[in-house]
Amino acid sequence: MPTTEVDLPVVLVAAAALVDADGRVLIAQRPEGKTMAGLWEFPGGKVGPGETPEQALIRELGEELGIDVAANCLAPFTFASHRYEGFHLLMPLFVCRVWNGSVRPLEGQALKWVRPVRLGDYPMPPADRPLVAMLRDLL
């Protein structure tokens with residue numbers, strides 16, 4: 001029997017559009033060895049069992065970028081819902097303008113601060129692409 005949309009597991013991933021004082025957005029390049037290596041994405045990661053999207057994002061931003069983010073600094077913005085081969089991704093995107101610490105690549109990923117109008121210049125996973133236009137309109 002073929003797999004239908006209903007049969008696909010839903011994977012919940014939380015992501016952040018970190019916006020600096022100059023209005024630029026941080027994107028991270030997926031490192032070699034990972035699925036979709038080389039593509040640029042908004043930082044974040046999978047929501048673990050018993051975690052809220054905000055808790056997962058705070059944890060992931062600390063692990064990936066070495067920054068501390070308070071839950072009240074994460075503003076829910078929009079979400080992506082995308083079918084990939086073998087799973088369906090649901091990804092809430094939060095906007096964050098305030099954090100403690102300096103952003104640095106702790107997992108070997110490349111990082112770039114990009115003006116919103118230039119985000120479309122970077123190859124991104126299919127789920128991230130629709131978020132770019134929405135961010136451009138916001139920022």
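The report below goes from the strands to the helices, then to rings and single residues.

This is a predicted model, in which local features need pLDDT of at least 70, side-chain atom pairs count only at pLDDT 80 or more, and totals for chains, interfaces and linings use all residues. Residues are numbered from 1 along each chain as its sequence is written, and side-chain values use heavy atoms, with hydrogens and water left out.

**The sheet**

Helices (H or I, at least four residues) and strands (E, at least two) are DSSP runs, numbered from the N terminus. Two strands pair if DSSP finds at least two bridges between them. An open sheet is formed by 4 strands, in the order β4-β1-β6-β5, with mixed pairing. The edges are β4 (44–46) and β5, each with a single partner strand, so one side of each has no neighbour in the sheet. From one strand to the next, the twist averages 20°. Axes here are lines fitted to C-alpha atoms, for helices over the stretch in contact, and angles run from 0 to 180 degrees between N-to-C directions.

Strand β1 (residues 10–18) and β4 run antiparallel and are joined by 3 bridges. Val 13 has Lys 46 in β4 as its bridge partner.

**Helices on the sheet**

Contact means heavy atoms within 4.5 Å. Helix α1 lies across β1, β4 and β6 (87–96) and runs at about 60° to β1. Helix α2 (residues 129–138) also packs on the sheet, where it touches β1, β5 and β6. The direction of α2 makes about 165° with that of β5.

Which residues of α2 are buried? Leu 131, Val 132 and Leu 135 are. Buried means under 20% relative accessible area, exposed over 50%, and partly exposed in between (1.4 Å probe, protein chains only). These three cover an arc of only 110° around the axis, so they sit on the same side of α2. The arc is that of the directions from the helix axis to the C-beta atoms. The cover over the buried residues of α2 includes β1, β5 and β6.

Strand β2 (residues 25–29) is mostly covered, with 4 of its 5 residues buried. β2 and β7 run antiparallel, joined by 4 bridges. Val 25 stands opposite Val 114 in β7. β2 is also joined to strand β3 (residues 40–41), again antiparallel, by 2 bridges. There, Gln 29 stands opposite Trp 40 in β3.

**Aromatic pairs**

A pair of aromatic rings is described by the distance of the centres and the angle of the planes. Rings of Phe, Tyr and Trp (its six-membered ring) pair if their centres lie within 6.5 Å; planes under 30 degrees apart count as stacked, over 60 as edge-to-face and the rest as tilted. The structure holds 3 such pairs. Two of them are tabulated here.

| Pair | Centre to centre | Angle between planes | Class |
|---|---|---|---|
| Tyr 84 and Phe 87 | 5.2 Å | 25° | stacked |
| Trp 99 and Trp 113 | 6.0 Å | 10° | stacked |

Trp 99 lies in the loop between β6 and β7 (111–114), and Trp 113 in strand β7, so their pair ties together parts that are 14 residues apart in sequence. Trp 99 is buried at 19% relative accessibility, whereas Trp 113 is partly exposed at 28%. In the other tabulated pair, Tyr 84 is buried, with a relative accessible area of 14%. Phe 87 is partly exposed, with 27%.

**Single residues**

Where is Leu 74 found? The residue is in the loop between α1 (53–65) and β5 (75–84). Leu 74 is buried, at a relative accessible area of 6%. Leaving out residues up to four places away in sequence, Leu 74 touches Glu 54, Leu 57, Ile 58, Val 69, Phe 94, Val 95 and Cys 96. Leu 74 and Ala 16 are 58 residues apart in sequence, yet 8.0 Å apart in space, C-alpha to C-alpha.

His 88 has its place in strand β6. With 15% relative accessibility, His 88 counts as buried. Its side chain joins that of Ser 81 through a polar contact of 2.7 Å. A polar contact is a pair of N or O atoms within 3.5 Å; within protein, one must be able to donate a hydrogen and the other to accept it, and residues adjacent in sequence count only if both atoms are side-chain atoms.

Gln 55 sits in helix α1. Gln 55 is partly exposed, with a relative accessible area of 42%.
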